[in-house]
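Welcome! Take a look at the sequence and the model, then read on.

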Amino acid sequence: MTISPSITSPDRRRLRLVGLLPWLFAGAVVGYAILVGGYAATVVSFALIYAVFVTGLNLFMGFAAQVSFGQNAFAAIGGYVSAVLTASHGWSPLPAMALGMTAAVLAAAIIGFPTLRLKGHYLAMGTLAIGLIAYEITVEWQSVTQGYMGISGIPPLSLAGYEVSSDRGQLVMLALVVAGGAFAAARIRRSRFGRALSAVAGSEEAAQALGIDVARYKLMAFLLSAGFAALAGSLFVHVVGFVSPEVFGLHMVIVTFTMLYVGGIGTVAGPLIGALIVSLLPETFRAFKDYQDLAYGAALILLLIYAPRGLASLFSTRGRS
Amino acid sequence: MADWSYIPQVLVSGLGIGCVYGLIGIGFCVIYNASGIVNFAQGAFVMLGGMITQTLFSRHGLPLPVAALAAVAAVAALGVAIERIVVRPLWNRKATMFVMILATLAAQIVIERLTLIAVGDQPKTLPVFTDLPPLMIGSVAIGTQFLWIVGGSLAIVALLAAFFALTRTGKAMRACSINREAAALQGIPVSRMLALAFALSAALGAIAGILITPTQYTAFNVGVPFAISGFIAAIVGGFGRPFGAFLGGLLLGLMQALAIVVFGAGLKTVAALSVLLLFLFIRPSGILGAAK
């Protein structure tokens, strides 16, 4: 829904300012982390990596209103291709990352073609199965993934001969990637492609009647989402220098869905805001490590019931009646 | 390489675990039929059934049958609690199917973590119900626990069939699954049926968990794999058909047992999930065809 034409221009300016608030908040958090460095930088780095993943999830689930519980499979593909090629075969990180993303998008095309014909809980369970199969493979294929032991000694990213290994350097790089991702999401939403997705989200039958190739657009959104997931997986292994199956397990599914709902599903700023809030809040009571997933689960239930459109929707200039 | 002489023995154990998958699958169908909801917290019921029995039996010294009955009752009560706290508010807000799945999955995680905090992460097990030497048929050994699992499951299935066919409440639940609006117009309290479906489904999950625990172990995180196997059983049998789900469970148990012989135990989850994907892609309505 768009703003009604009767709205006066000062109101519109006020709305635009309100729309900037989430970005100012995100900028302030990242800026603070860059200044302070150390542990704060590590926490915010993880948040930004998750933001990349959730941005992709949001394209598929928020914009196109589809369901996937299995995007962690593509993060695992991106992450493990990067890890194996650089740590075991001496590739440099950027080509490894590119190959990982290509492999994930290819896998998504092969998986998505039959899977996306499914609807409702069949689609939900089918995608959950894909995520779990990927997890089992990373555990069992020990000759390549080294099972639960994981792969260590993964080199940091290097751009044009300059190795991004300091906390602050990585943070700046990740912030640029996230900004690029958010910009792309904003552009996509306003493009012909994005409008087609929101038509599909509204009603598949109506979209079909308007001449939109529903199956093709769903698959494209799925591939894009898988590309973002693989990028996030690859960024994770290069930033942390280590990967194990647990990184891309069921925990990741729950955490990223919480982020998507905290931030606001279907909004452009939502993924980043959600990722920052969900990553920062547990840090304030780290002592209760066992209680973290408990808190995520409970928070998710409460949000779904009481604020299904998330926090960013409070600031959104769009989508209000 | 696989040793083929094990096959009959493996099939027997596959049949046992298949019965358990079948009971869990029926649990999915009972809730789905009453409400159209797929309850992803089903695995928590299975885990808690074994876990509460184990705690009452080992820690508090209750006799095994008493502990098992208490566990089934407690888990059924928990089923009603989930329906009241998580499902009902979303139902009243007309939440989408996907939000419902996500909320029940989150409930699963919450229960898992609470269990972890309460009893720790050590795997626990129960003694077999009757400690007798296994029956030998040729070279195949049939443990008494296997007989308990198969006998118990068949008894439950028979009781359920009688419940749905003969009692007023059972008939009312079937009416809800055919058409909720029409059932409401007939004066059937649809929302009470939903709570009842959660209680029934939770009790089924708990019984499955109690039956299987003596042959393996239980820990806070065994729920999700069981739930997925039960869901696969329900899909294979034709979603929404309780007895199809039991059949699907048996089939899945056998296929998984064979997969363990051929590929090794590590890939048994992958094998089960591949069965799911195969059915979803080729025959999503299952063996018997989906209900409705």
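At roughly what angle do the axes of helix 1 and helix 10 of chain B cross? The answer is roughly 145 degrees, and the two axes come within 6 Å. Please keep in mind that this is a predicted model.

**Helix 1 and helix 10 of chain B**

- Helix 1 of chain B covers residues 7–35, and helix 10 of chain B covers residues 242–263.
- The crossing of helix 1 of chain B with helix 10 of chain B is right-handed.
- Where helix 1 of chain B meets helix 10 of chain B, the contact is made of 21 nonpolar and nine polar residues, with no charged ones.

**Where the two chains meet**

- In chain B, 31 residues are in contact with 27 residues of chain A.
- On the side of chain B that touches chain A, at least two residues each come from helix 3 (64–92), helix 4 (97–119), helix 9 (223–237) and helix 11 (268–282) of chain B.
- Helix 4 of chain B provides the largest share of that side, with 14 residues.
- Sorted by class, the side of chain B that touches chain A holds 28 nonpolar residues, two polar residues and one charged residue.

**Helix 9 of chain B**

- Helix 9 of chain B has 15 residues and spans 21 Å from its first C-alpha to its last, close to the 21 Å expected at 1.5 Å a residue.
- Because 14 of its 15 residues are buried, helix 9 of chain B is largely enclosed by the rest of the structure.
- Gly238(B) follows helix 9 of chain B and has a positive phi, near 105 degrees.

**Individual residues to look up**

- Ser5(B) sits in the segment before helix 1 of chain B.
- Ser5(B) counts as exposed because it has 8 C-beta neighbours inside 10 Å.
- Ser5(B) and Ser139(B) are 134 residues apart along the chain, yet 9.3 Å separates their C-alpha atoms.
- Most residues other than glycine have a negative phi, which makes the next two residues worth a look.
- Lys94(B) is not a glycine, but its phi is positive at about 55 degrees.
- You can find Lys94(B) in the loop between helix 3 and helix 4 of chain B, where it is exposed, with 7 other C-beta atoms within 10 Å.
- Gln146(A), also a residue other than glycine, has a positive phi near 60 degrees.
- The place to look for Gln146(A) is the loop between helix 6 (142–145) and strand 1 (151–152) of chain A.
- With 19 other C-beta atoms within 10 Å, Gln146(A) is partly exposed.

**Chain A as a whole**

- Chain A contains 14 helices and four strands.
- Of the 321 residues in chain A, 49% are buried.
- Among contacts in chain A with a separation of 6 or more, 77% are between residues 24 or more positions apart.

- Chain A has a mean pLDDT of 84, with 88% of its residues at 70 or more.
- Confidence in chain A is highest in helix 10 (residues 214–240) of chain A, at 93, and lowest in helix 14 (residues 312–315) of chain A, at a mean of 59.
- Residues 1–7 of chain A stay under 50 in pLDDT, and the model gives them three contacts beyond four places in sequence.
- Residues 317–321 of chain A are also below 50, and this stretch has seven contacts in the model beyond near neighbours in sequence.

Terms used:
Residues are numbered from 1 along each chain as its sequence is written. Chains are lettered from A and ligands numbered from 1 in the order in which they are written. This is a predicted model: local features need pLDDT of at least 70, side-chain atom pairs count only at pLDDT 80 or more; totals for chains, interfaces and linings use all residues. Two residues are in contact if their C-beta atoms, placed from the backbone, lie within 7 Å. Ala, Val, Leu, Ile, Met, Phe, Trp, Tyr, Cys and Pro count as nonpolar, Asp, Glu, Lys and Arg as charged, and the others, Gly among them, as polar. A residue is buried if 20 or more other C-beta atoms lie within 10 Å of its own, exposed if 12 or fewer, and partly exposed in between; C-beta atoms are placed from the backbone. Axes are lines fitted to C-alpha atoms, for helices over the stretch in contact, and angles run from 0 to 180 degrees between N-to-C directions. A crossing is left-handed if the near helix is turned anticlockwise from the far one by less than a right angle, and right-handed if clockwise. The expected span of a helix is 1.5 Å times one less than its number of residues. pLDDT is the predictor's confidence in each residue, from 0 to 100.
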